[in-house]
Amino acid sequence: DLRANLEVAVNEVLKHASEQEPPFEDSDYTSDTEDVPVVQCNEKLTTSVRKDLASAIRDLIQHGLMPIGQSSSLVPFGCFAVQSTAPKMMHAWDLILKYYELKNGYQYNASPARKLCQSFNLEIVGGVVTTPKQSLLSAIDNIISTHTPLKRSPDSHFKAFICAALNEKHLVQWLKLIYKTRILLERFYQPWSYAAKTGFEDALNHLKNLELRL
C-alpha cells in the first residue's frame, strides 16, 4: 500500500531525526552534484530522506499518472490506439515540470529582477518578499540548472526537489500548490489515481507532521 509506505518512511525520518549523532557532512543530501550548499545531518537521516521518503512520495505522485505524451484530453482510437511497445509512464519529476511550464516558470526566473536576487541570494523581488509559488518556481529552476546539463536521472531531479523543499520547510506548501492546480489533475491523472481521488490531502496532512518536527 503506497499510503502505508509513506507513513513508514515519515516515521523512519522522524526516528533518525530524533537520534543524537555527530553532524555528518554530505553534499549529496540535496543533489547528485557538488554545486549545491553542503548541509549537516546524521548519516541515517540523510539516507532515510534520500531513499525512503523521496521514494515513497514519488510513488504516491506517480500512482495513476498518464503515459508520456498522453493526457485525458487526448483519447486514442482506431488504429492509432495500437502500440508496438508499452508507453513510457510519466515520472513525478515530469509532473513538477508540467507545473513549472503552466506557471511560466522560465519567464519568471529569466526576469532581470529575479536574476539579480539569485546573484545575491536574496528573497526579495522588486521590493516584495517572494511568495511560496515564487520560491517553488525558483527551486525548480535551480534543480534544472544544476542537474539537467549533467543528464541526471528524473529520480535524481526529484530527490533534489524533495530535499530542497525540506531544507526550506516548504514541502507541504509546494506540493499543495502543485495539487491545487486542477488542470494537472484533470490532464495527467487517471480518475482512479490517488491524487485524483484525494487531492493528495491525506498525504499532505501526514507530511505536515514531519515538517513541523524536523
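**Exercises: a helix pair and its salt bridges**

Searching the whole structure turns up five salt bridges (a side-chain nitrogen of Lys or Arg within 4 Å of a carboxyl oxygen of Asp or Glu). We're working on a predicted model, where local features need pLDDT of at least 70 and side-chain atom pairs count only at pLDDT 80 or more, while totals for chains, interfaces and linings use all residues. Residues are numbered from 1 along each chain as its sequence is written, and side-chain values use heavy atoms, with hydrogens and water left out.

**Exercise 1.** Work out how helix 1 and helix 2 are oriented and which residues meet.

*Step 1.* Start with the geometry: helix 1 (residues 2–18) and helix 2 (residues 43–62) pack at about 160°, their axes 9 Å apart. Helices here are DSSP runs (H or I, at least four residues), numbered from the N terminus. Axes are lines fitted to C-alpha atoms over the stretch in contact, with angles running from 0 to 180 degrees between N-to-C directions.

*Step 2.* That angle makes helix 1 roughly antiparallel to helix 2 (over 145 degrees).

*Step 3.* Now list the contacts (heavy atoms within 4.5 Å).

*Step 4.* Sort them by class: 12 nonpolar, three polar and five charged residues. Ala, Val, Leu, Ile, Met, Phe, Trp, Tyr, Cys and Pro count as nonpolar, Asp, Glu, Lys and Arg as charged, and the others, Gly among them, as polar.

**Exercise 2.** Describe the salt bridge of Arg-3 and the burial of its two residues.

*Step 1.* Arg-3 pairs with Glu-7, with 3.8 Å between the closest N and O atoms.

*Step 2.* The two sit four residues apart in helix 1, so about one helical turn separates them.

*Step 3.* Arg-3 is buried at 17% relative accessibility, whereas Glu-7, at 36%, is partly exposed. The cut-offs: buried is under 20% relative accessible area, exposed over 50%, partly exposed in between (1.4 Å probe, protein chains only).

**Exercise 3.** Find the salt-bridge partners of Arg-58.

*Step 1.* One partner is Asp-59, the closest N and O atoms being 3.0 Å apart.

*Step 2.* Another is Asp-155, again at 3.0 Å, N to O. This pair links distant parts of the chain, Asp-155 in helix 7 (residues 154–168) and Arg-58 in helix 2, 97 residues apart.

*Step 3.* Check burial: Arg-58 is buried at 17%, while Asp-59 is partly exposed at 26% and Asp-155 is partly exposed at 36%.

Notes: Parallel < 35°, antiparallel > 145°, perpendicular 65-115°, else oblique.
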